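Colleague: Can you walk me through this one? Begin with the terms, please.
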Amino acid sequence: SNQIAAALSSSEQTPFWGLVTFEAESYEKINEVLTDPEYIRVVFPDEKNILDRSKSMVLAGEYVTFFRT
C-alpha cells in the first residue's frame, strides 16, 4: 500500500511496530482458523494484550523465498 511504501522510504519512525505472517494452503484455510470457535474463545481475548485492532492493517498476498545453492 502507499502507506507502507511511504513508511519504508522515510527516515521517520514507522507507524507500526510488528508483523505477523500466516502461512496456509489458501486464504480460506487462514480464515477457517481465525473464525474457529476455539480460536475466538482462547486467542481472541488475549489479543488485546498485544495488539490494537483499530490500528492494525491486514495485507493478504503470496510470497516466495529463494535460496541460493
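Modeller: Contact here means heavy atoms within 4.5 Å. This is a predicted model, where local features need pLDDT of at least 70, side-chain atom pairs count only at pLDDT 80 or more, and totals for chains, interfaces and linings use all residues. Residues are numbered from 1 along each chain as its sequence is written, and side-chain values use heavy atoms, with hydrogens and water left out.

Colleague: Which residues is Tyr27 in contact with, leaving aside neighbours within four places in sequence?
Modeller: Ala60, Gly61 and Glu62. Tyr27 and Glu62 are 35 residues apart in sequence, with 9.8 Å from C-alpha to C-alpha. A polar atom of the Tyr27 side chain lies 3.5 Å from the backbone nitrogen of Gly61.

Colleague: Is Tyr27 buried, partly exposed or exposed?
Modeller: Tyr27 counts as partly exposed because its relative accessibility is 43%; buried means under 20% relative accessible area, exposed over 50%, and partly exposed in between (1.4 Å probe, protein chains only).

Colleague: And Glu47, why does that one count as buried?
Modeller: Because Glu47 has 10% relative accessibility. Beyond four places in sequence, Glu47 touches Tyr39 and Arg53.

Colleague: What is the overall secondary structure?
Modeller: Four helices and zero strands, where helices (H or I, at least four residues) and strands (E, at least two) are DSSP runs, numbered from the N terminus. Tyr27 is in helix α2 (residues 27–35), and Glu47 is in helix α4 (residues 44–47).

Colleague: Which element has the lowest mean pLDDT?
Modeller: Helix α1 (residues 2–9), at 63, while helix α3 (residues 37–42) has the highest, 93. pLDDT is the predictor's confidence in each residue, from 0 to 100. Where it is low, the predicted coordinates should not be read in detail.

Notes
A polar contact is a pair of N or O atoms within 3.5 Å; within protein, one must be able to donate a hydrogen and the other to accept it, and residues adjacent in sequence count only if both atoms are side-chain atoms.
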